[in-house]
Amino acid sequence: MAQVSLRNVTKIYGKNIVAVNNINLGVENKEFVVLVGPSGCGKSTTLRMIAGLEKPTSGKIYIGDRMVNDVPVKDRNVAMVFQNYALYPHMTVYENMAFALKLRKYSSSEIKKRVEEAASILGIGHLLNRKPRELSGGERQRVAVGRAIVRKPLVFLFDEPLSNLDAKMRIQMRAELNRLHLRIQTTMIYVTHDQEEAMTLGDRIAVMRKGKVLQFDTPLNIYEKPVNKFVAGFIGSPPMNFISGRIVKKNGRLYFDEGFFSVEIPQEKSPKLIDYVGKDMILGIRPECIYDKLFSKFSAENTIKAKCEILETMGSKNHLHLSVGRHNLVAVVSPNNKPERGSFMDIVLDMRKAVFFDSSTEESIS
Ligand code: ADP
């Protein structure tokens with residue numbers, strides 16, 4: 001069992017490719033932490049430095065109490081699961097899982113015990129005599145995870161392990177990884193570009209961009225209190241709506257004025273916004289915080305005229321693509337709320353859930 005800590009870690013490839021830029025990250029013992037961000041933001045490099053596959057240009061990496069910068073991969077007691085599974089094609093599932101233990105000279109009875117235990121956790125006991133080519137993608141991924149489990153590492157490192165699976169299998173494997181973490185109670189660090197995977201797997205999520213960690217927090221805090229517009233837009237699907245406008249003051253109250261419509265800002269959000277009166281601002285509102293007034297419990301305040309451009313029927317919910325003032329917004333509403341395409345409707349924004357961003361820095365204000 002181990003915590004993992006990165007202190008001022010930077011990785012520069014060649015002369016000037018800054019892949020990871022002075023990050024600090026503290027992963028607790030037994031915690032499941034997900035590194036998420038767009039392609040090229042430095043997630044894999046961070047993971048590979050923890051594994052020992054890359055050396056930091058500067059900064060320190062600790063696993064448990066030990067500074068591991070100069071500790072070789074094999075002595076770090078971490079196990080990595082890769083996107084491409086990296087199974088040996090000529091070996092059976094059993095041999096693949098046993099391989100690392102054999103190298104480390106474990107007795108054959110101990111190897112058998114560990115492989116069978118891992119196979120039973122993963123439900124692959126019936127596949128032990130097969131070769132990788134005789135397995136489905138999901139089964140191969142389980143074998144790759146099994147190969148990591150048998151080593152009983154201090155830390156599991158996952159690099160986009162579900163990317164090669166189809167959508168349905170990804171959701172199934174996601175739940176299996178959640179169960180696995182509950183069962184084996186070991187520190188796990190997981191890299192993905194998929195925000196939904198991050199939200200569903202992580203105890204905490206580190207959202208990365210351009211080699212930096214922008215926010216490191218629980219999924220819900222990141223969803224509800226994003227530190228900036230990038231994080232707000234990256235996490236959540238459909239993504240948060242952004243509306244540009246101005247803060248104005250009328251009769252002692254603050255309003256967000258889009259130009260074609262204005263909405264009142266709740267009292268509790270006003271103190272932080274008072275300095276922005278007369279200034280440009282971006283209002284962020286999640287699709288599920290926009291309601292058709294006919295279907296909502298909200299009173300008449302903050303009602304806006306909208307035109308329904310497209311209705312997407314999802315079964316459990318509907319997505320409405322609306323044109324409102326100068327903006328196009330997406331609302332997620334109940335399945336029985338299905339306005340005609342091209343029709344006008346009154347919508348209500350739940351302004352208590354709105355997030356405001358400074359339009360020049362894009363930092364969150366409220
Ligand atoms: P991510 O995993 O978020 O997609 P990476 O950590 O793989 O991002 O890459 C971060 C940046 O470092 C990218 O700009 C990438 O092109 C660059 N990079 C990664 N590996 C190398 C390498 N071995 N040599 C040079 N540049 C690299």
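A salt bridge is counted here where a side-chain nitrogen of Lys or Arg lies within 4 Å of a carboxyl oxygen of Asp or Glu. The structure is a predicted model, in which local features need pLDDT of at least 70 and side-chain atom pairs count only at pLDDT 80 or more, while totals for chains, interfaces and linings use all residues. Residues are numbered from 1 along each chain as its sequence is written, and side-chain values use heavy atoms, with hydrogens and water left out.

By this rule, 16 salt bridges are counted. One of them joins Glu-54 to Lys-11, with an N to O distance of 3.9 Å. This pair links distant parts of the chain, 43 residues apart: Lys-11 belongs to strand 1 (residues 4-13), and Glu-54 to the loop between helix 1 (43-51) and strand 4 (58-63). Helices (H or I, at least four residues) and strands (E, at least two) are DSSP runs, numbered from the N terminus. Glu-54 and Lys-11 are both buried, where buried means under 20% relative accessible area, exposed over 50%, and partly exposed in between (1.4 Å probe, protein chains only). A network of salt bridges links Lys-11 and Glu-54 with Arg-48.

A salt bridge is also formed between Asp-280 and Arg-246, at 3.2 Å from N to O. Here too the pair links distant parts of the chain, with Arg-246 in strand 11 (residues 241-250) and Asp-280 in strand 14 (residues 280-285), 34 residues apart. Asp-280 is partly exposed at 43% relative accessible area, and Arg-246 is partly exposed at 40%.

Within helix 3 (residues 108-122), Lys-112 and Glu-116 are 4 residues apart, about one turn of the helix. The closest N and O atoms of their salt bridge are 3.3 Å apart. Lys-112 is partly exposed, with a relative accessible area of 43%, as is Glu-116, at 38%.
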